[in-house]
Amino acid sequence: VFFPYVSWIPGKFVGWLSYVTFESSVVLIILFWAFVNSMTKPESAKKGYAMLATCTQIGTITGSILVRTFVLKIGSPAFIALGGVLILCVPWVVKLYVKEVPKEEGIVVEKKKTKTGFFEGFKLIVSKPYVMGILIVSTIYEIVTTILEFQMKMIAKDIYVTRDAFASWYANFAISANVLALIFALVGTSFFMRKFGFRFCLLSYPTIVGVTIASVFIYKMFGVSNVQYMWALFAGMVAIKGFSYSLNNPTKEVMYLPTSKDVKFKAKSWIDSFGQRGSKGTGAVIADSFKTSLSALIT
């Protein structure tokens with residue numbers, strides 16, 4: 001309806017183009033968090049980062065509900081176009097923010113000039129154990145989630161065979177994960193940070209992932225059907241994604257606060273781009289190697 005003049009483009013080409021474009025948009029998130037970390041004090045972060053997570057979930061839930069409600073009526077391309085328009089609004093919002101924030105709370109400009117270059121961020125990571133720790137906390141779990149999500153989508157694709165039916169089902173997954181993240185962000189993130197500290201929060205997320213993986217693995221051993229296994233993966237991924245958004249992400253961002261601006265901008269860009277893409281790529285290679293046997297893949 002919206003793009004009849006591009007119907008001649010092969011579906012696989014559109015899929016590749018969309019995926020690469022969306023994955024590249026992670027640069028926006030990297031720049032946003034670097035921008036926020038550079039002008040936030042630790043005391044404010046304990047309260048404010050949970051609120052940022054809350055707003056993120058509200059936006060994601062709203063978008064997912066719209067997809068689930070209307071995708072079968074107007075098709076996926078309309079939502080892709082809407083997302084593009086919304087992203088174009090981001091620079092004006094940032095400009096308004098910079099204009100309205102008082103100068104004393106703004107970015108402190110360092111007069112000392114430091115060396116810069118493409119590999120400076122990588123050098124900071126390998127030379128500073130603390131920054132290497134941030135890399136591990138920020139990326140390792142992506143290998144696991146990529147493998148689990150691949151399994152879930154492959155099974156769901158056989159059940160929801162049309163493009164828009166699959167999009168509608170996947171919107172349910174996004175809604176569930178982000179509702180969990182929203183609830184925890186409202187009642188849990190700030191509380192756990194203040195009450196138990198950052199170390200507890202950092203250890204909680206890998207514990208949740210480990211318990212989830214073990215539960216899914218044991219459930220599969222009972223010889224359940226593909227539909228039952230898909231919903232088990234669905235529940236596991238909701239837990240992993242939800243706590244990633246609401247617990248792990250705000251906590252790992254706080255880890256940047258005591259670091260220098262070089263780490264906040266140069267090293268962080270490497271971690272959030274090359275580190276996370278590399279972890280996802282590793283998970284994808286593993287998934288592709290065992291794509292003919294989901295049983296072997298979960299093992």
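The legends below describe close-up views of a predicted model.

Residues are numbered from 1 along each chain as its sequence is written. Because the model is predicted, local features need pLDDT of at least 70 and side-chain atom pairs count only at pLDDT 80 or more, while totals for chains, interfaces and linings use all residues, and side-chain values use heavy atoms, with hydrogens and water left out.

**View 1. Confidence along the protein chain, from helix α2 to helix α7.** The mean pLDDT (the predictor's confidence in each residue, from 0 to 100) of the protein chain is 80, with 89% of its residues at 70 or more. Confidence is lowest in helix α2 (residues 26-37), where the mean is 73, and highest in helix α7 (residues 129-159), where it is 89; helices here are DSSP runs (H or I, at least four residues), numbered from the N terminus. Where pLDDT is low, the predicted coordinates should not be read in detail.

**View 2. The largest nonpolar core, with Y49, M152, Y229 and L233.** A nonpolar core is a set of buried Ala, Val, Leu, Ile, Met, Phe, Trp, Tyr and Cys residues joined through side-chain atoms within 4.5 Å, where buried means under 20% relative accessible area, exposed over 50% and partly exposed in between (1.4 Å probe, protein chains only). The largest such core has 30 residues, and Y49, M152, Y229 and L233 have the most contacts inside it. Helices α2, α3 (42-74), α7, α8 (163-220) and α9 (226-254) each supply at least two of its residues, the largest share, 10 residues, coming from α9. Another core, of 12 residues, lies apart from it and includes L124, L135, L202 and Y256.

**View 3. The surroundings of Y229.** Leaving aside neighbours within four places in sequence, Y229 is in contact (heavy atoms within 4.5 Å) with Q151, I155, V216, Y219, K220, V224 and I298.

View 4. The structure holds nine salt bridges, each a side-chain nitrogen of Lys or Arg within 4 Å of a carboxyl oxygen of Asp or Glu.
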